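Hi,

Here is the structure I promised to pass on. Have a look at it first, and my notes follow below.

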Amino acid sequence: MALHKLKDFHTPHSLDEALDFLGKNSEALVLAGGTFLHGLEARGLMSDVEVLLDIRKTASTVDVTDAALEIGATTTLARLLEIPQITDAPWAAALSDALSHPPVQIRNTATIGGCIAASCPFFDIPTALIALDAVAVVKGAGGERRLSLPELFGGLFTNTLEPGELITKVCIPRGQGKAASAFLKLETNANDLAIVNVAVCVVVDGAGTCTKVRVALGGGVAEFALRSPSAEKILLGSKLDAATLRAAGEAVVGDISPMSDHRASAAYRSAVARVLIRRALERAVARLA
């Protein structure tokens, strides 16, 4: 890695110290897990970086309440797999599914805050978090604010954080009622970045009618992971039978703008998205039983 202009590498030991430094060096690049640093360099996005702020030593906590899981931004993916409320709960299964894909070396280093701050459309965790209505808690000189992930993602490798702001934690509201979720991806080989990935979360009432639904897609179907309102409209208020799930899968194509690259064409990504959404919905419905 050739960071020719790098002048400073700062490693604060607390969130307050990190925010103080960032307030005085707003152009610093924040390093959380650092697993995508090479990816940014390879794409020519590090040429103007002069200061790195490594926040990995700042305190990270996981708080489990009846209402939500509150996860410190520097919590590693490996730590998430130690939380029973994620690994054993049908409503959170999309996140558990997504966590099973990265190799152990990535899980031990990558952080939940870094995954979403990178705004990389090929990452798995952000897609799963969108389906679970996760919220990023952001702090800076102007105080604290909460952003849904669609609000946080500003474009390809670009987020909407203001200068001097950091993501401090990610809040995932706990599923209420009869809820289940699922995540699926297509990759060229094991541990690869997604060609397409999808996540869904469904809630049904006693009669089996869908009362809440989230359908999310990533992996190059747009510049960042997003929701499919067209698919959600078909599912909401419906019985989740085979015909409805198939129709929802077909509907996602109207909400995505797939890219073509060396791994897949836009047409291929569109076709795969339809199939993966249907299959993810089938998996989530099976988990409702």
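A quick definition before the details: two strands count as paired if DSSP finds at least two bridges between them. Helices (H or I, at least four residues) and strands (E, at least two) are DSSP runs, numbered from the N terminus. Keep in mind that this is a predicted model, where local features need pLDDT of at least 70, side-chain atom pairs count only at pLDDT 80 or more, and totals for chains, interfaces and linings use all residues. Residues are numbered from 1 along each chain as its sequence is written, and side-chain values use heavy atoms, with hydrogens and water left out.

Let's start with the antiparallel part. Strand 5 (residues 68-72) and strand 10 (residues 166-173) run antiparallel and are joined by five bridges. Ile71 has Val170 in strand 10 as its bridge partner. Helix 1 (residues 15-24) packs on the sheet, where it touches strand 6 (135-140) and strand 10 (contact means heavy atoms within 4.5 Å). The direction of helix 1 makes about 130 degrees with that of strand 10 (axes are lines fitted to C-alpha atoms, for helices over the stretch in contact, and angles run from 0 to 180 degrees between N-to-C directions).

The whole sheet is open and has five strands in the order 4-5-10-6-7, with antiparallel pairing. At its edges are strand 4 (62-64) and strand 7 (143-148), each of which pairs on one side only.

Then there is a parallel part. Strand 3 (residues 51-54) pairs in the parallel sense with strand 1 (residues 8-10) over three bridges, and three bridges also join strand 2 to strand 3, again parallel. Leu53 is the bridge partner in strand 3 of His10 and of Val30. In a regular strand the side chains alternate between the two faces of the sheet. In strand 3, Val51 and Leu53 point one way and Leu52 and Asp54 the other, and all are buried (under 20% relative accessible area, with a 1.4 Å probe and protein chains only).

Which residues lie nearest the centre of the largest pocket? They are Ala28, Leu29, Val30, Ala117 and Asn159, out of 42 lining residues. Helix 7 gives the most to that lining, with four residues. (On a 1 Å grid over the protein atoms alone, a pocket is an open set of points where a 1.4 Å probe fits, with protein on both sides within 12 Å along at least five of seven lines; lining residues have an atom within 4 Å of a point.)

Enjoy exploring!

Conventions. Buried < 20%, exposed > 50% of the residue type's maximum accessible area, 1.4 Å probe, protein only.
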